Amino acid sequence: MIQLFQVYKNFGSKNPALLDINLTVKKGEFVFITGPSGAGKTTLLKIIFCAERPTSGNVLVHGRNLNRIKERDLSLLRRRIGVVFQDFKLLPRRNVFENVALALEIIGFPLPMIRKKVHQTLRYLSLTNKEGYYPPQLSGGEQQRVAIARAIVNNPLILLADEPTGNLDPDLTMEIMALLKEIHIRGTTVLVATHSKELLKGTTRRIVTLNKGRIV
Ligand SMILES: Nc1ncnc2c1ncn2[C@@H]1O[C@H](COP(=O)(O)OP(=O)(O)O)[C@@H](O)[C@H]1O
Ligand SMILES: [Mg+2]
């Protein structure tokens, strides 16, 4: 599903953000990307989402080489990738329904289909009664659930989560992790970046550790 070959990313400073990354993530895998702050986790996810280009090396996502993909195909591919960030990045002036619906509107789905998909997803994330709320009226855990709803509403092939529990207390962290596991069970390939050793305690999942831009 995802393959990186000899990927380097240099932002222009002395030390590259990523060095000689070779990584294969199979369809349906659940992988933790870990390592200390500054190790390159976010950069790696951004490269997979094509929000950053590698300085050199090749990246294949769902069979497409991101170095060669056309703009139009790239936007189609991105629609199949859900992303969740630590700081939610919800639109504060749009309510829960609108935040989740936005991506589907941009794609141009007809309104009845948008309503159906959004309602299904909100129900799945126990957010039905928050549909009309605005993000500032929600708790951190609820905001993160809305961000996850937005990421999965279009049934992505891949879900990329960057420190998804970074701002949450331990109970909500468990809740969000349980959700990510469920989404994985439904068939989505999931990559979770976290610097938290706590989160990885006892996990049986694959763990890829980065240090100073290298896989260790
Ligand atoms: N847009 C950028 N411009 C310059 N340097 C960056 C940029 N993004 C990340 N970096 C650098 O790349 C390295 C890896 O960063 P990052 O991928 O955010 O690490 P992590 O997510 O593991 O904390 C850091 O040294 C960081 O300062
Ligand atoms: Mg990061």
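## How α3 passes α5

Let's start with two helices. Helix α3 passes α5 in a right-handed crossing, meaning that the near helix is turned clockwise from the far one by less than a right angle. Helices here are DSSP runs of H or I with at least four residues, strands are E runs of at least two, and both are numbered from the N terminus. The model is predicted: local features need pLDDT of at least 70 and side-chain atom pairs count only at pLDDT 80 or more, while totals for chains, interfaces and linings use all residues. Residues are numbered from 1 along each chain as its sequence is written, and chains are lettered from A and ligands numbered from 1 in the order in which they are written.

The axes of α3 and α5 come within 8 Å and cross at roughly 25°; axes are lines fitted to C-alpha atoms, for helices over the stretch in contact, and angles run from 0 to 180 degrees between N-to-C directions. That makes α3 roughly parallel to α5, a label for angles under 35 degrees, with over 145 being roughly antiparallel, 65 to 115 roughly perpendicular and the rest oblique. Val-96, Asn-99, Val-100 and Ala-103 of α3 meet Val-146, Ala-149 and Arg-150 of α5; two residues are in contact if their C-beta atoms, placed from the backbone, lie within 7 Å.

## How α3 meets α4

With α4, helix α3 packs at an angle of about 130°, and the axes are 10 Å apart. That makes α3 oblique to α4. This crossing of α3 and α4 is right-handed. On the α3 side, the residues involved include Val-100 and Leu-104, and on the α4 side they include Val-118 and Leu-122.

Because 10 of its 13 residues are buried, α5 is largely enclosed by the rest of the structure. Buried means that 20 or more other C-beta atoms lie within 10 Å of a residue's own; 12 or fewer is exposed, and in between is partly exposed. The cover over these buried residues includes β6 (81-84), α3 (96-107) and β7 (158-162).

The largest nonpolar core has 53 residues, and Val-100, Ala-149, Leu-160 and Leu-191 have the most contacts inside it. Such a core is a set of buried Ala, Val, Leu, Ile, Met, Phe, Trp, Tyr and Cys residues joined through C-beta atoms within 7 Å. Its largest share, six residues, comes from α5 (residues 140-152).

## A look at Leu-4

Leu-4 sits in strand β1 (residues 2-9). Is Leu-4 buried or exposed? Leu-4 is buried, because 23 other C-beta atoms lie within 10 Å.
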